[in-house]
Amino acid sequence: MGNGTHIGRVRGLGAAHEGTHHWVTQRLTAGSNLLLMLWLIVSLVRLPELSYGVVQAWLSSPWAAVPMILLVISVFNHFRLGLQVVIEDYQHDETRIVLMTLLNYFTVAAGTFAIFSILKIAFTVVTPGAPA
């Protein structure tokens with residue numbers, strides 16, 4: 001297998017000293033997901049109706065667009081952290097690096113697309129009575 005003792009080989013495979021940071025970050029994003037999802041549910045329930053025009057007018061407000069962007073960032077970061085743990089725990093060959101790279105690209109691309117969509121709605125001028 002190699003040179004050195006058994007303990008010498010194991011020492012190189014130990015913790016990367018980033019486990020606590022990862023754990024705390026995942027818990028913080030879970031808490032922010034909870035709070036922001038509650039905000040989203042309460043906000044949508046308070047709308048008079050859920051038609052496209054009403055939701056678009058609501059989302060065009062900075063009081064709705066900014067928390068929605070924060071929600072997207074928090075959800076995709078939490079998603080990435082959770083799947084990263086699954087990949088690290090169950091994938092032990094070279095495909096692990098490929099999967100981690102694909103995961104990072106996917107979360108950045110999907111999060112960017114979602115934020116772009118929110119900003120597009122937020123900066124679109126809503127004219128009352130106009131068809132959507």
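The protein exposes about 9,800 Å² of surface, 70% of which is supplied by carbon and sulfur atoms; accessible areas come from the Shrake-Rupley method with a 1.4 Å probe, and for residues only the protein chains shown count as cover. The model is predicted, so that local features need pLDDT of at least 70 and side-chain atom pairs count only at pLDDT 80 or more, whereas totals for chains, interfaces and linings use all residues. Residues are numbered from 1 along each chain as its sequence is written, and side-chain values use heavy atoms, with hydrogens and water left out.

Of the 132 residues of the protein, 23% count as buried (buried means under 20% relative accessible area, exposed over 50%, and partly exposed in between, with a 1.4 Å probe and protein chains only). The protein has five helices and zero strands, and its elements run α-α-α-α-α from the N terminus on; helices (H or I, at least four residues) and strands (E, at least two) are DSSP runs, numbered from the N terminus. Among contacts with a separation of 6 or more, 69% join residues 24 or more positions apart, a contact being heavy atoms within 4.5 Å.

Helix α5 covers residues 95–122. Its 28 residues should span 40 Å at 1.5 Å a residue, which agrees with the 40 Å between its end C-alpha atoms; the expected span is 1.5 Å times one less than the number of residues. Buried positions in α5 are M100, L103, T107, G111, A114, I118 and A122, and their cover includes α3 (52–59) and α4. In the segment after α5 lies F123, which counts as exposed because its relative accessibility is 67%. The C-alpha atoms of F123 and A65 are separated by 9.8 Å, although these residues are 58 apart along the chain.

A nonpolar surface patch of about 510 Å² is formed by F79, L83, V86, Y90 and F106. Patch members have over 30% relative accessible area and no salt bridge; nonpolar side chains (Val, Leu, Ile, Met, Phe, Trp, Tyr) are joined within 5 Å, and like charges within 9 Å. A salt bridge is a side-chain nitrogen of Lys or Arg within 4 Å of a carboxyl oxygen of Asp or Glu. Helix α4 (residues 62–90) contributes the largest share of the patch, four residues. Y90, placed in α4, counts as exposed because its relative accessibility is 66%.

An unreviewed UniProt entry lists residues 28–45, 57–76 and 97–123 as "transmembrane region"; positions follow the numbering used here, feature names are shortened, and annotations may be inferred rather than shown by experiment. Residues 57–76 are 90% helix and 0% strand, with end C-alpha atoms 25 Å apart. Residues 97–123 are 96% helix and 0% strand, and the end C-alpha atoms lie 39 Å apart.
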